[in-house]
Amino acid sequence: MASTARQFKGWQYYFDVESQNQDTPRRRSRRNDSLNDSLTLKRNSDGLEIEIGTVVEVQNSKFRDFALIHDIRFGTDVYLEVRAMWFLRATDLSSRLEGRQVEKNELFLTSVTDRIKLKDILRKVKVVSKLEYDAIEIDDSNINELFLCRYCCDHDGSNITDSFEWDQFHNLLKKNPEQFYHNVKNLTGSATIKSLTAQSNLLSSSRKARKYAELSSESEFEDEEESDDEKYNRKLNKTGTPRSKRVLYSTPTSERYYNIPSFPQVSSKKLNLEVLKDDEDEQAKPMAKLFSSAKKRLHTGAHLNTLPCRDEQFEQLYTSVEVAIGNNTGMCLYVSGTPGTGKTVTIREVIKQLAEKHGSIFDYLEINGLKLLTPQAAYEVLFTKIFGQRSKSGQAVGLLEEHFNSSKKKKPLVVLMDELDQILTKNQSVLYNFFNWPSYSSSSLIVIAVANTMDLPERLLTNKISSRLGMIRLQFPGYNFSQLAEIIKHRLESIGKLNSDKLVINSGAIEFASRKVASVSGDARRALSICLRAVEIAEKEFIKKTEQEKAELGGIFTVQIAHIIKSVNESTSSTVTSYLNCSPFHLRLFLVGVLARIRRTGVSENTLGSIIDELQNMVKVNHFQKVRESLERENLQFTRVIFGGLKTRMQSFDFILQELVENGIILKNGNLGRSSLIKLNIEEDEITTVFKKDDTLKEVMY
């Protein structure tokens, strides 16, 4: 396989279309189908030629084995696709060949297919029938070049066919590769295992006596992803017919380079920016440490020794999971509650204490729906945890089904499925399997499902799935104001003991924040964030105080209700305002140009080129004096620092445009360079209000 033309470098291809010139009308209609069957690849370095029916030795970082080329075609998602059917050696099937007389150089053909890379092909080998093999004397000169094949088998050698003549079998491949593949698959009764590289231990499984399950073709739920066979069949009839009888194509040697804009280079001189000097007095330094400690304790990710206000839920979770682990049985547990009510942190604390008490008698896995690319990826995560290797979701679900349904004793596995609503699919097959596997008598699978709504099983899941959740359901109600106050005080207890009450958060301020949050959601994370921001506001206020004012405090500083009110107001302000306040100068400068152009033309939608020209004019008439003066003191030019040159260029705005579009600040119509239409997606007043407070931009906000 070559994903791009560049990866095909070092190879040539040609079509042998001699039989195409005298086609009947009926045959001519199928010319495209047979065209790829005559495609031959040639390696420039040693002249190695491969075509459909060639047996090659393949080696990569994971394995080295033999493969039969059964298809070569130009793909839709890759430049050139080479598909092969893998052989198993007699040594790989030693435990399956009792009573059979096999040769040392005997190969067994399987229906396991895979794309192979051209760079992994080592050499071409010869495979013959039994009669021809017996007529040849095998010695050191040909022992590595000549092989015998007279049997087919499934992927692990558990089903071996009757003997056949290789020559007749091989001729069928050249006539109809697709039919040949399906014949081998039907003869061996093989499951649909498409990729050997995705399941890296497939060939070594027989060597290690590890049995893999065959996937049932009558599974109750089909994976929503398109299988490799379906993709492969869909690619048929996609190639054209060459005009000449034998045309040789060489891989182009020229390289393709792309003009990728880079960030403008700024002078290495350091700007003389005003920064806070670390010249605080002896009283201010310990206060800075106290503020820092308080902020760490109030952070939502801070480590806690105990969990206040969740004793009842903790006890029920602990008891249920401990009993299931002790009995080595499966169980489903549904946990619900609004965000910030301590669901996930309580479950993690339960697992932590169980591990400390019982050691490593069970395994633990977290699957977060927000971190999965697709719901089916949950199968891959679980498969990797159990088997220690990666597999595609289509293969993993069948292997997991057999694993949990087998009577073999297993180590208990606790799976936390967080953000359950993100794992829903159209036919709900993923949740069905995860909730159905614990019902098997020997599965030893404990699933803890977490969602934000209590009625999610009844509202979104079918009865067949919701019934498998069982009767164990645990609700985490939102915190009331007294519980929120207790959580905040619990966080600050250690700080108060260490600082001898030099930094105090007023109890009235804590109660005010708790009541404010409890009246809306009862989210502990929001209450902690408000208090954290209040401490930051108080810290800035303390730093701005004079030495005399700090002395008057007597070494004690209190976070007041006023700081909490400011924090609440900030948290409830517009997200657009917050975004603009934190945006870099380049981004603000572009929005100034957008506003200036709108006010000049009276039109809300303007071209990107006209906005850049408007901004260029503003620079020429000596706006942004404060920034200019700061730069001139360092002998730097405004346009060179901001835009990387003496003129504003289109490349300077690519990243800015992308950032503004992704955050919904502007709308961009088309990708036409300077002709692209730009329109504000927010109110002009929101931008004006923020920029008038900016000392560097307020002079142009008329």
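Predicted model: local features only at pLDDT ≥ 70, side-chain atom pairs only at ≥ 80, totals over all residues.
The chain comprises 702 residues, of which 45% count as buried. Its secondary structure consists of 27 helices and 20 strands. The accessible surface amounts to about 37200 Å², and carbon and sulfur atoms contribute 48% of that area. Contacts were also examined by sequence separation: among those between residues at least 6 apart in sequence, 72% join residues at least 24 apart.

Side chains of opposite charge can pair when their charged atoms come close. In the chain, 21 salt bridges were counted. One of them pairs Glu-106 with Arg-150, with an N to O distance of 2.8 Å. Glu-106 belongs to strand β7 (residues 106–115) and Arg-150 to strand β9 (residues 146–152), so this pair ties together parts that lie 44 residues apart in sequence. Both Glu-106 and Arg-150 are buried.

A further salt bridge is formed by Glu-81 and Arg-83, whose closest N and O atoms are 3.6 Å apart. Glu-81 is buried, at 1% relative accessibility. Arg-83 is likewise buried, its relative accessible area being 5%.

The salt bridge between Glu-132 and Lys-126 has an N to O distance of 3.5 Å. Here Glu-132 is partly exposed, with a relative accessible area of 28%. Lys-126 also counts as partly exposed, at 45% relative accessibility.

Attention then turned to the cysteines. A disulfide is a covalent bond between the sulfur atoms of two cysteines. The structure holds zero disulfides. The cut-off for a disulfide is a pair of cysteine sulfur atoms within 2.5 Å. Viewed from the other partner, Cys-152 is in no disulfide, and its nearest cysteine sulfur is that of Cys-149, 6.1 Å away. Cys-149 counts as buried, with a relative accessibility of 0%. Cys-152 is buried as well, at 0% relative accessibility.

How values were computed: Residues numbered from 1 in each chain as written. Heavy atoms only, no water. Helix = DSSP H or I, 4+ residues; strand = E, 2+ residues; numbered from the N terminus. Buried < 20%, exposed > 50% of the residue type's maximum accessible area, 1.4 Å probe, protein only. Contact = heavy atoms within 4.5 Å. Areas by Shrake-Rupley, 256 points an atom, 1.4 Å probe, with all protein chains shown as cover. Salt bridge = Lys/Arg side-chain N within 4 Å of Asp/Glu carboxyl O.
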